Amino acid sequence: MTDIAILYGSVYGGAEELAETSASRLEDAGFAVKLFSDCELDDVLAANAPNWLIISSTTGSGDIPQNIENVYTGLRDTVPNLSKTGYAVICMGDSSYRETFCEAGKQFDEAMYETMAKRLVNRLEIDACETMDTAAASAAWIGQLVDKIKQ
Ligand SMILES: Cc1cc2nc3c(=O)[nH]c(=O)nc-3n(C[C@H](O)[C@H](O)[C@H](O)COP(=O)(O)O)c2cc1C
């Protein structure tokens, strides 16, 4: 039984590292966690996790990283009914990209919202221009997520 599916999209490893750090924190809080990347939407659905945490960087000009692209495309193409699923999104980006800042995470947030999944906490946007310490930048937010899932 998986409590939280963590899906990550990463090009240079930053989002992957944050996914692993977040997994440890969530496990410490008592949750069973499973990490997903380089997979299909069906692989995530098969885990039947009641909560999804999506952590994605943005690449190209507002593009989704390749290792999470199939999940994103699956969501957009099939729009599964996830009304019993809670979700939260961490976007990693760089504000010097201005109009495509954190676009991949924003697109995921929108795609999940369209599946009728319940947003557990508002999207967190981490700007590489401001900090490289993503664990510190997300610590309070992860705390809110833990509280919300435990409610
Ligand atoms: C080639 C390239 C393109 C990028 N494009 C964007 C972008 O369009 N929007 C954005 O917010 N950040 C963009 N970024 C910044 C990354 O999303 C950011 O540095 C992130 O922390 C990288 O995470 P990763 O190590 O998991 O790939 C880009 C970075 C690179 C190297």
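Colleague: How do the residues of the shell around the ligand divide into nonpolar, polar and charged?
Modeller: Keeping in mind that this is a predicted model, the shell around the ligand divides into 7 nonpolar residues, 11 polar ones and 1 charged.

Colleague: And how many residues surround the ligand, and which are the closest?
Modeller: The ligand is surrounded by 19 residues, and the closest of these are S10, G14, A15, T58 and T100.

Colleague: Which ligand atom is 2.8 Å from a polar backbone atom of G60?
Modeller: That is a nitrogen atom of the ligand, whereas on the oxygen side a ligand oxygen atom is 2.9 Å from a polar backbone atom of V11, and a ligand oxygen atom also lies 3.3 Å from a backbone N or O atom of G13.

Colleague: How much of the ligand does the protein bury?
Modeller: The protein buries 81% of the 650 Å² that the ligand exposes when taken alone.

Colleague: Switching topic, where does the ligand sit?
Modeller: The ligand sits in the largest pocket, and the elements that give two or more residues to the shell around the ligand are α1 (14-28) and β4 (86-93).

Colleague: What about the space in that pocket, and which residues are closest to its centre?
Modeller: The largest pocket holds about 550 Å³ of space, and of the 26 residues that line it, the closest to its centre are G14, S57, M92, G93 and A128.

Colleague: Which element gives the most to that lining?
Modeller: That is α1, which contributes 4 residues to the lining of the largest pocket.

Note on methods: Residues numbered from 1 in each chain as written. Predicted model: local features only at pLDDT ≥ 70, side-chain atom pairs only at ≥ 80, totals over all residues. Heavy atoms only, no water. Near = heavy atom within 4 Å. Polar contact = N/O pair within 3.5 Å; in protein donor to acceptor, adjacent residues only side chain to side chain. Areas by Shrake-Rupley, 256 points an atom, 1.4 Å probe, with all protein chains shown as cover. 1 Å grid on protein atoms, 1.4 Å probe; cavity = no way out; pocket = protein on both sides within 12 Å on 5 of 7 lines; lining within 4 Å. Sits in = over half its atoms within 2 Å of the grid points. Nonpolar A, V, L, I, M, F, W, Y, C, P; charged D, E, K, R; others polar. Points joined across faces, edges and corners; volume = space filled by probe spheres on them.
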